[in-house]
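Here's a quick briefing to read alongside the structure. Have a look at the model below, and then we'll walk through it topic by topic.

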Amino acid sequence: MALIRWNPARELANFPNEIFNLQREINRMFDSFFRGWRDEEETSLAQWSPAVDIAEKDDAYIVKVELPGVEKDDVKVTLESNVLTIRGEKKFEKETKKENYHRIERCYGSFNRSFTLPSTVKSDKIDATYKDGVLTITLPKAEEAKPKQIEVKVK
Amino acid sequence: MTALVPYTPTALTRYEMNERVVPPVTDIYETADSFVVKLDLPGATKESIKLQVEPRKLVVQSSITADESMNLLYSEIGRKRYYREFNIGDGINVEGIHASFEDGVLTITLPKTDEMKAREIKIQ
């Protein structure tokens with residue numbers, strides 16, 4: 001056997017290094033559990049939901065979505081009455097038969113995430129790029145939402 | 001500017017400051033002449049990935065350069081670093097291991113040695 005089957009007892013022999021791995025695994029279990037749970041509230045259709053970061057810059061909101069291995073054409077970004085939706089599908093490779101798999105941890109199938117945006121976004125200037133498995137959506141702020149400096153004269 | 005208010009990190013900033021070590025999710029399958037390992041490494045670049053073959057061990061790691069100037073409103077990705085080890089047993093042609101990176105997915109191909117490949121035995 002070329003790839004050695006994971007044996008929990010053997011891993012424990014490498015204590016204490018492995019205890020951190022164990023902790024990591026448990027953390028991950030919790031993360032994925034709560035991610036799935038939260039998403040069920042939002043969309044019951046989603047089979048899996050990619051991780052997201054939302055950041056704010058002076059002139060734009062940046063949404064980053066982790067979509068490794070997803071074809072660019074299989075991702076759809078829509079904006080409908082201030083709700084930004086990222087949906088698509090990650091297809092399972094067809095050329096390999098399922099019985100040849102030793103381990104499947106990666107997610108496949110359709111995904112769906114939605115966010116309500118502040119109303120102050122230039123909806124016609126939204127830009128999305130896909131690079132190294134990360135989809136980056138840039139939503140420029142409308143003029144009235146940008147921070148302004150107002151000088152007040154003291155009399 | 002003088003900070004009049006003492007700085008108290010919120011839950012989000014604490015999360016964002018700590019770089020987490022994340023084991024990338026992995027698929028492993030077998031073909032007639034090799035084992036194929038696929039790892040999700042979103043945000044990594046070809047240059048940032050370090051793939052090491054040690055005796056009986058395969059180590060994959062990658063750092064991710066985060067844009068520190070960004071003010072995170074909501075974070076599930078945060079700051080992280082990828083790390084995962086795999087045991088390599090007999091029957092792998094270590095010299096022939098090769099890898100490619102596309103769309104955030106690292107594909108490592110581990111060719112089997114000739115002894116490991118399925119053979120057909122001729123009936124005499």
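L22(A) counts as partly exposed because its relative accessibility is 43%; buried means under 20% relative accessible area, exposed means over 50%, and partly exposed is in between (1.4 Å probe, protein chains only). This is a predicted model, where local features need pLDDT of at least 70, side-chain atom pairs count only at pLDDT 80 or more, and totals for chains, interfaces and linings use all residues. Residues are numbered from 1 along each chain as its sequence is written, chains are lettered from A and ligands numbered from 1 in the order in which they are written, and side-chain values use heavy atoms, with hydrogens and water left out.

**A nonpolar patch on chain A**

- L22(A) sits in helix α2 of chain A, residues 17-42; helices (H or I, at least four residues) and strands (E, at least two) are DSSP runs, numbered from the N terminus.
- Together with I26(A) and F30(A), L22(A) forms a nonpolar surface patch with about 270 Å² of accessible area.
- A patch takes residues with over 30% relative accessible area and no salt bridge, joining like charges within 9 Å and nonpolar side chains (Val, Leu, Ile, Met, Phe, Trp, Tyr) within 5 Å.
- Accessible areas come from the Shrake-Rupley method with a 1.4 Å probe, and for residues only the protein chains shown count as cover.

**Where chains A and B meet**

- Chain A puts 41 residues into the contact and chain B puts in 40, with contact meaning heavy atoms within 4.5 Å.
- About 3700 Å² is buried between the two chains, 54% of it on carbon and sulfur atoms; buried area is the accessible area (1.4 Å probe) that two parts lose on being put together, summed over both.
- The rule finds 6 salt bridges across this interface, each being a side-chain nitrogen of Lys or Arg within 4 Å of a carboxyl oxygen of Asp or Glu.
- K80(B) and E66(A) are joined by a salt bridge between their side chains, at 2.6 Å from N to O.
- There are also 22 residue pairs in polar contact between chain A and chain B, both at pLDDT 80 or more.
- A polar contact is a pair of N or O atoms within 3.5 Å; within protein, one must be able to donate a hydrogen and the other to accept it, and residues adjacent in sequence count only if both atoms are side-chain atoms.
- On the side of chain A that touches chain B, the elements giving two or more residues are α2, β1 (52-56), β2 (60-66) and β5 (101-104).
- β1(A) gives the largest share of that side, with 5 residues.

**A closer look at R84(B)**

- R84(B) belongs to strand β7 of chain B, residues 80-87.
- R84(B) is buried because its relative accessible area is 12%.
- Its side chain reaches the backbone oxygen of P24(B) at 2.8 Å.
- Leaving out residues up to four places away in sequence, R84(B) touches residues of both chains, including R28(A), R103(A), E105(A), P24(B) and L58(B).

**Chain B as a whole**

- Chain B has 1 helix and 9 strands.
- Of its 124 residues, 40% are buried.

**Two positive phi angles**

- Most residues other than glycine have a negative phi.
- D132(A), in the loop between β7 (127-131) and β8 (134-140) of chain A, has a positive phi near 50°.
- R56(B), in the loop between β4 (49-54) and β5 (57-63) of chain B, has a positive phi of about 65°.
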